[in-house]
Amino acid sequence: MVGNDSLTIWGGLYLFFQYLILAYFVLVSASYTLLTYLGLRSILRYNRVMSSYAIKPLLESQAYRAISILVPAYNEEKSIIASVRSLLSLHYPVFEIIVVSDGSRDGTVDVLREAYHLTEISLTRYHMTINAKPIKRLFRSVNYPNLILVEKENGGKADALNVALNLARYPLVCSVDADSTLDVQALLRTAYLFVEDETVVAVGGTVRPLNGAIIQDGQLVEVRLPPTWIERLQIVEYSRAFFAGRAGWAEIGILMIISGAFGVFKRESVLAVGGYRTNTVGEDMDLVMRLHKYYLRHKLPYQIRFTPDPLCWTEVPSDLKTLRRQRNRWHRGLWENLWEHRDMLFNPRYGLVGLVGVPYAWLVEAASPAVELGGYVFFLLSILLGILNLEFTFYFMSLAILFGLVLSLMSIGIETLLLNRYKRISDRLIFIVAACVEFLGYRQILLWERFRASFQVWGKRGQWGSMERKGFR
Amino acid sequence: MWRRLGSYFYHVILLAVVVVELAALAALVSTFVFYFRSGGVFTDYTFLKIALGTSLLCILALIFHTVFYPEISDHFDFRHDRQYQAWLQRWTNVLFKLEDLPPKPLPPVAVKALLDQRALLIGTDASLLDSLVAFYQLDQQWLKGLKSRRLDRRLAALAALEAAVLPQTLPAVLAQMHSRNLLVRISAARCAVRILAAVPDLHPRHKAVLLFVRTLVKARVPAGMLESILSLEVRASVPILECLFQRQSLPADLLQPVIAAVGNLRLVEMAAKVATYIETPVPAVRVTVLQVLVKLGYFPPAAWPVLRQFLYDTNLAINLQAVRLLMLLPLERSKPLLWESLGHLRWEVRCETVFALLQYGPLGIQLVNEAVQEHPVPAAVQIASQFQTNPGLPINARVQEWLGTIV
């Protein structure tokens, strides 16, 4: 990669680009490594807390805070019944489930009505604290008094969440995707953090791919590896994103995203920032950013925490087309949010979030597809021009690959230590293989999709696209 | 035990990996810089080779951990469970078949089995186990653990003391409530409450209670956890709460959990004491006071003059709790205020008022129907018309469902 012409302008540019790539590589690798270590520290502390306190006293003492679970659903007839069943069997003293069918065109409402004996009720209790699309019908279960179904006009996920927020009666709200299922103790372990510290306004939990697992009576009975490599590779990605990235960021108090699939918030805090923003596909990140903004602007004490254990199992795309569409949407959501909150960039008023978190998201998360693809193009050009130092390139590339592998393996190791979900050695070996082969095409395809998404942000603003569901086994 | 060791071990591995990887990055940068500074002459890649080699070693260590840790862990868990069962059996034999006592010192699994069995047994059998705890001087072992500099040891000692509930260990446990570590403070407070519950003839002026309260006031325990801890054991909490109420003044961050605990434990006899804080200036505390009074079903005479003020407070939660408190009065007394709050500026308060009226039964329903015809405020007419129903019938089942839990 190292050239020999340092006198001409092209030579200068060439050298500059090499330094840029090297600096970028060092920044990304060092930050990921440190975040992984911070993540491990927080996870070890969490383990200690849970083994020391246990959650029994919380139940014994009634100091828990009641929770409203908000479930936005759009064309989820295949998975909604299992999903609601899983929510109904959660171990928590007081909670209600509000499922919002956001103008579903399939049988989402009908299957729910039939399965849970839902009867229509009047709209008396509904008050639009946050503006949202009108409600068509409201149902309540005869068998499960804490289950409510809302049928409304289509307005997007954020709009559905706002409707559910308006209906929610309890001080804590938990947003859960309709294609997800929660661990039975997920709410107890998350709500505990709100009891421990009054300044906690939001808590994000770990989300894991559900594909291949077996659900019985709403509960996950066996975690099995999914059949396709696309799904397996996503398990490695999720592990890295949650145990290394988010756990690490939360440790230094600048967690900027709580997954839409599972997050618990103080209702009054969400209402204070105006609920979910409807004109974005990254409403989960936007909410957390606005919470940061609100509390930092008003100089109020607050904490946004991440807890590694409360598990939400979600269905991930099983084909490349859907996966690409999903990643495209995620990256557009990221850009939309960064642009919306651009005033936070290097703004000391927003503390570490403005000085570290947001610049990092611009530089490493949003710009990475352009820089990485630029690196590949640069590499090919250097080969074509015959100015490549093969020996240095070999070491550089080997180190880069090993670095990626080390990061993935560290996260998988944390997961093994914490959860021990995959019991068979063969499953764990397959994980390791997945981490090893991730950079052989899979990473590049998604990189290209994210790169494309960077240019589609304005054209496709707020567009979700569809996802093919297989439903739970 | 094994898991704790496993965690430490992985922590060490990861720390080593982080150091190695950061060093590898430094090697990469230095090689790159040296190469350019030397005009392409410097071609020593030794650092990079070392970096690659050590990275490979890190990968092998991580793979080894991922593959074998669960296996080793399962093996140890299985062994531990087997030993635990054997020790449970052995203690049973000691108690009921008068077998010989196991020799000192006891392994940790034996102690755990002993404490678990102690928690299950009551009366004479439990006191026999107490004598075993004394015989093996386990309290001394735990008290020593409390002095350890290692956090894990202190937490383990507190957990064991909580299970053992030995009154003589209370002062040492209370000392831990001043620890710099939040986990230790919370665990110590919980342990102390459990121990207090085991102290015979406990009353608010008991030396142990006074000591606990004095420590609690100075210790920084988060309000939510304090509420949880004070609501754990009714036997200990009643004298503690009484003692706390007897104090001259309580800071707001302590007052709120104390009052909430009274509500959690449904201590009706303390309702009058709670009511004395009804005009506290801190809104959050005032909300808790009102909430607890509603829970206890007690309408204090002091509330009547300030109820209207509460209904129109800027804090919505206070408005709602005021309506709920009004519900505790007979309808003829609460009627004027409820009628007025039907036309409240806030939708939530209007809605809550209708629910309150419906809970009065036919008379309340009649008042809702009257509001549809006669109320001067259009918003009141609108909310009442949504609930208009036949006063001769029982409350609409759907509406009854909506009444739900008071939060």
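## A helix pair in chain B

In this predicted model, helix α5 (residues 138-146) of chain B packs against helix α6 (residues 151-164) of chain B, with axes that come within 7 Å and cross at roughly 145°. The crossing of α5(B) past α6(B) is left-handed. Two packed helices are described by the angle between their axes and the distance between the axes.

On the α5(B) side, the contact is made by B:L138, B:W142, B:G145 and B:L146. The partners on α6(B) are B:R153, B:R154, B:A156, B:A157, B:A160, B:L161 and B:A164. Sorted by class, the residues of this contact comprise eight nonpolar, one polar and two charged.

## The fold of chain A

Chain A contains 15 helices and twelve strands. Of its 473 residues, 50% are buried.

Which separation in sequence do 80% of the contacts in chain A span, counting those between residues at least 6 apart? These contacts join residues at least 24 apart.

## Where chains A and B meet

The contact between the two chains draws on 58 residues from chain A and 59 residues from chain B. Five helices of chain A each supply at least two residues of the side that touches chain B: α1 (9-53), α2 (56-61), α6 (186-196), α13 (390-418) and α14 (425-437). Helix α13(A) gives the largest share, 15 residues.

What classes of residue make up the side of chain A that touches chain B? This side has 35 nonpolar, 14 polar and nine charged residues.

Methods: Residues are numbered from 1 along each chain as its sequence is written. Chains are lettered from A and ligands numbered from 1 in the order in which they are written. This is a predicted model: local features need pLDDT of at least 70, side-chain atom pairs count only at pLDDT 80 or more; totals for chains, interfaces and linings use all residues. Helices (H or I, at least four residues) and strands (E, at least two) are DSSP runs, numbered from the N terminus. A residue is buried if 20 or more other C-beta atoms lie within 10 Å of its own, exposed if 12 or fewer, and partly exposed in between; C-beta atoms are placed from the backbone. Two residues are in contact if their C-beta atoms, placed from the backbone, lie within 7 Å. Axes are lines fitted to C-alpha atoms, for helices over the stretch in contact, and angles run from 0 to 180 degrees between N-to-C directions. A crossing is left-handed if the near helix is turned anticlockwise from the far one by less than a right angle, and right-handed if clockwise. Ala, Val, Leu, Ile, Met, Phe, Trp, Tyr, Cys and Pro count as nonpolar, Asp, Glu, Lys and Arg as charged, and the others, Gly among them, as polar.
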